[in-house]
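Thanks for coming, everyone. Please bring up the sequence and the structure, and we will walk through one part of it together.

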Amino acid sequence: MSETSALGSSDGPTTGDAQVDEALTRLAGLDDAPVRDHVVVFEAVHGALQDRLADAEG
């Protein structure tokens, strides 16, 4: 799978999992955000992905 198909079109990432897509979409807004704001977003996305993984593992 190519990076383009894994991340979807310019409309945002698509993985087939709505919660993962929502978390990854937050990363798309970082291009215009000050670097100091990136850490907060990275931590939020990391937490959301960890929660989703925990849910999937049962």
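Contact here means heavy atoms within 4.5 Å. Keep that in mind for what covers what. One caution: this is a predicted model.

Our topic is helix H3. Helix H3 covers residues 35-57, which makes 23 residues. How far apart are its end C-alpha atoms? They are 33 Å apart. At 1.5 Å a residue, the helix should span 33 Å, so the two values agree.

Now the buried side. Which residues of H3 are buried? They are His38, Val41 and Val45. And what covers them? The cover includes helix H2, residues 18-28.

Take His38 first. His38 sits in H3. Its relative accessibility is 16%. Buried means under 20%, so His38 counts as buried. Which residues does His38 touch, leaving out those up to four places away in sequence? It touches Leu30 and Ala33.

Next, Gln50. Gln50 also belongs to helix H3. Its relative accessible area is 46%. Buried is under 20% and exposed is over 50%, so Gln50 is partly exposed. Now look across to Val20. In sequence, Gln50 and Val20 are 30 residues apart. In space, their C-alpha atoms are 9.9 Å apart.

Last stop: the end of the helix. What follows H3? Gly58 does. The phi of Gly58 is positive, near 85°.

To recap, H3 has His38, Val41 and Val45 buried, with helix H2 among what covers them. Gln50 is partly exposed, and Gly58 comes after the helix. Over to you for discussion.

Terms used: Residues numbered from 1 in each chain as written. Predicted model: local features only at pLDDT ≥ 70, side-chain atom pairs only at ≥ 80, totals over all residues. Heavy atoms only, no water. Helix = DSSP H or I, 4+ residues; strand = E, 2+ residues; numbered from the N terminus. Expected span 1.5 Å × (residues − 1). Buried < 20%, exposed > 50% of the residue type's maximum accessible area, 1.4 Å probe, protein only.
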